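Biologist: I have not looked at this one before. Could you bring it up and walk me through a few parts of it?

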Amino acid sequence: SQIRHFQWEVRYMYWSPDCVENVVMGINGRFPGPTIRAKVGDTISVRLTNGLLTEGVVIHWHGIRQFRTPWADGTASISQCAINPGESFTYRFEVDKAGTFFYHGHYGMQRSAGLYGSLIVELEDGKAEPFHYDEELSLLFSDWWHESMHEQEVGLSSIPFRWIGEPQSLLINGRGQYNCSLAASYQSRNSSYPRCNLRGGEQCAPYVLHVRPNKVYRLRLASTTSLSSLNFEISDHKMVVVEADGNYVRPFEVRDVDIYSGETYSVLLKTDQDPAQNYWVSISVRGRQPATPQGLTILNYVPTSASRLPVSPPPIAPRWDDFDRSKAFSKSMFSLLGSAQPPRARDRRIVLLNMQSKINGYTKWSINNVSLVLPLTPYLGAIRYGVKGAFDRRAPPENFPGNYNPMIPPLNPNSTTGNRVYTFLYNSTVDVVLQNANALSANVSEIHPWHLHGHDFWVLGYGEGKFTGGHKDEARLNLENPPLRNTVPVFPYGWTALRFVANNPGVWAFHCHIEPHLHMGMGVVFAEAVNLVGKVPDDTLMCGLTAKPRKD
Ligand code: C2O
Ligand code: CU
């Protein structure tokens, strides 16, 4: 194993992700940021300089558990103070597990501004994956708005509320096309756009997948969308899903993959089609009424010319509101035989109601009637050093009132802000049930992909309606071969149950990965065995109450 050093500077810069010039957050002059590749056991050391001039910054390493380095998790107000303009901070952590990951900003809505990139961890030399492939390609998906992150943020925190709307473009490795289509020449809805005149050198020219015939490719897929749930498809090719969020799954064959914000997959693709043709690679919006054209690129069989267009139009996405289809995909995931199994029994169960609510006329998301507002002093230092007054030390609600009906709009939509912490005993087994509900308007319930920092969890099961904890609900839980994940969707009007072991001393965010939802309060904070955390580096504590001199 080795230490891999990186020097990064985050800056705003002009860029044309979808052929329209905008301001994006770039790293070392690039968008998306550089890809990190490492091997299991390596230490990553990123010296990050904030070149933004007017705002702080942090970077979160999504899917990396940060054992023994909880201060390197990169969550402002939780694991560290945001890095001030002009200052630098070094993230140093070990990558202890192979898999497909990514990184992104975790302060305000900086992920929406384009602060993200891929992080890939390979097995140690001499070790083999439980599947065969010849080559690999990686695809990072995102959605893009022409309105700046700051304007979006102002809209979300205004009366009347201004929703960010649907994205203008979907991006594949930071590239999309607005107002033109790669598929304009086909008889389809794409024909309403003019043809793209791209030569290949443009910032918005598609990232073409060049493949050789009769090989097996491992495609590493990751979604860092702000909002969109996506469906990924390659025309005329089937794929086999083998990895999810850095964990092996029992291989299963699909025509297309649903991928929610915060999720990653590896799929195997056999290049067994006519090599004289090229094929569409597409991502389309699911789960919300789409108002965004599908994101497209080309699967190019070398040596066929990459500019040769596929013979048929791009794949047609499954109906956006075919939730049964989405659930069927999620439910076809099982852990690979021989994977870690969950403890048979839980020590504790909390139920988290996902509700849309109002606070003083502002529209918010709340969990058990509390909308998360992060404190000024990061939790990790405040708890580790017993700093008084940094946040509300009372225990947060473990459930919602028994008479609450999640199938209708809230009878009393008013909730409150809060910053309390769920504290778990070291090594205890925790079950979390995410309960979805009707939003403020009638007949609306959205998908929320929940992401846990510092852990993988077992997805025990999904159910419809209100979780009661009765025999019928318990019977839906899979304790035999549930998949390990770090992100899981909760479907409209349903619930999702997961289990994890609180074995990672630190303070960890658990939140909806939809950026505007988190910004509107849709998250909670978990703390476990903070007394076992080593000395928290001083340069993570330079704000709020931990900025004062303190006794170690
Ligand atoms: Cu990728 Cu807290 O998020
Ligand atoms: Cu959400």
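Biologist: What is the order of the strands in the open sheet of six strands?

Modeller: Keeping in mind that this is a predicted model, the order in that open sheet is S10-S9-S12-S17-S14-S15, and the pairing is mixed.

Biologist: Which are the edge strands?

Modeller: Strand S10, residues 169-172, and strand S15, residues 247-254, are the edge strands, each of them pairing on one side only. Across this sheet, neighbouring strands are turned against each other by 25° on average, with direction ignored.

Biologist: In what sense do S14 and S15 pair, and over how many bridges?

Modeller: Strand S14, which covers residues 239-244, pairs with S15 in the antiparallel sense over five bridges. Val241, for instance, has Phe252 in S15 as its bridge partner.

Biologist: Switching to helix H1, which of its residues are buried?

Modeller: In helix H1, residues 149-156, the buried ones are Met149, Gln152 and Leu156. Seen down the axis of H1, these buried residues fall within an arc of 60°, so they line one face of the helix. Helix H5, residues 515-519, is included in what covers them.

Biologist: And where does Pro413 lie?

Modeller: Pro413 lies in the loop between helix H3 (379-384) and strand S23 (416-418).

Biologist: Why does Pro413 count as partly exposed?

Modeller: Because Pro413 has 17 other C-beta atoms within 10 Å, whereas a buried residue would need 20 or more and an exposed one 12 or fewer.

Biologist: What does Pro413 touch?

Modeller: Leaving aside residues up to four places away in sequence, Pro413 touches Ser357, Lys358 and Leu440. The C-alpha atoms of Pro413 and Met355 are separated by 8.7 Å, with the two residues 58 apart along the chain.

Conventions. Residues are numbered from 1 along each chain as its sequence is written. Chains are lettered from A and ligands numbered from 1 in the order in which they are written. This is a predicted model: local features need pLDDT of at least 70, side-chain atom pairs count only at pLDDT 80 or more; totals for chains, interfaces and linings use all residues. Two strands pair if DSSP finds at least two bridges between them. Helices (H or I, at least four residues) and strands (E, at least two) are DSSP runs, numbered from the N terminus. Axes are lines fitted to C-alpha atoms, for helices over the stretch in contact, and angles run from 0 to 180 degrees between N-to-C directions. The arc is that of the directions from the helix axis to the C-beta atoms. Two residues are in contact if their C-beta atoms, placed from the backbone, lie within 7 Å.
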